[in-house]
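Visitor: I would like to learn how to read a few local features in a model, with the general idea given before each case.

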Amino acid sequence: MNNIELVNIAREMRERAYAPYSHFAVGAALLCSDGEVFTGCNVEGASYSNAICAERTALVKAVSCGKRSFAKLAVSGNGKKFCTPCGICRQMLYEFSPELIILCANEDGEYEEHSMKELLPYAFGPEMVTGENTGTVD
Ligand code: THU
């Protein structure tokens with residue numbers, strides 16, 4: 001699966017977006033380390049805070065199918081600007097794959113590539129709350 005193929009899957013997924021409130025349709029394609037691809041779109045609700053982003057839709061689909069390791073994510077939004085994942089999505093993707101490559105695309109399929117470290121520097125991750133950390137204050 002090359003970058004252009006992954007970006008094009010994300011672009012196609014924009015057609016599935018349910019975004020009657022923002023009118024901003026987003027599609028995502030998440031490439032697992034084993035080569036499988038999970039897709040997602042944004043889904044909004046009349047109670048606006050219900051919205052879930054395309055990236056997290058793809059991620060929770062993948063995790064609920066037993067996947068825990070991801071290589072690359074493509075995300076595509078409306079317009080000419082490159083669509084970057086929101087802060088919540090960055091944090092949730094970091095949980096599983098701190099080395100993730102993120103392809104931020106526009107509706108035409110042009111994209112720029114970023115590392116997770118670029119998008120979420122000094123991240124707070126699972127290593128901070130496991131191991132020696134027992135959940136008590138000494
Ligand atoms: N959205 C995404 O799905 N992914 C992003 O990376 C940015 C924002 C969605 C959330 C909401 O449905 C709409 O775009 C406008 O914010």
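**Exposure, contacts and helix packing**

Guide: Let us begin with accessibility, where buried means under 20% relative accessible area, exposed over 50%, and partly exposed in between (1.4 Å probe, protein chains only). His23 counts as exposed because its relative accessibility is 58%. This is a predicted model, in which local features need pLDDT of at least 70 and side-chain atom pairs count only at pLDDT 80 or more, while totals for chains, interfaces and linings use all residues. Residues are numbered from 1 along each chain as its sequence is written, and side-chain values use heavy atoms, with hydrogens and water left out.

Visitor: Where is His23 found?

Guide: Helices (H or I, at least four residues) and strands (E, at least two) are DSSP runs, numbered from the N terminus. His23 lies in the loop between α1 (3–13) and β1 (27–32), and its phi is near 60°, a positive value in a residue other than glycine. Tyr122, in the segment after α4 (116–119), has a phi near 55°, again a positive value in a residue other than glycine. Tyr122 counts as exposed because its relative accessibility is 85%.

Visitor: Is His114 buried or exposed?

Guide: His114, which has its place in strand β5 (residues 111–115), counts as buried because its relative accessibility is 16%.

Visitor: With which side chains does the side chain of His114 make a polar contact?

Guide: A polar contact is a pair of N or O atoms within 3.5 Å; within protein, one must be able to donate a hydrogen and the other to accept it, and residues adjacent in sequence count only if both atoms are side-chain atoms. The side chain of His114 makes such a contact with the side chain of Glu112 (3.1 Å) and with that of Glu118 (3.2 Å). For contact in general, heavy atoms must be within 4.5 Å; leaving aside neighbours within four places in sequence, His114 is in contact with Leu100, Ile101, Ile102, Cys104 and Leu119.

Visitor: At roughly what angle do the axes of α2 and α3 cross?

Guide: Axes are lines fitted to C-alpha atoms, for helices over the stretch in contact, and angles run from 0 to 180 degrees between N-to-C directions. The axes of α2 (residues 54–64) and α3 (residues 87–96) come within 9 Å and cross at roughly 25°. Angles under 35 degrees count as roughly parallel, over 145 as roughly antiparallel, 65 to 115 as roughly perpendicular and the rest as oblique, and α2 and α3 are therefore roughly parallel to each other.
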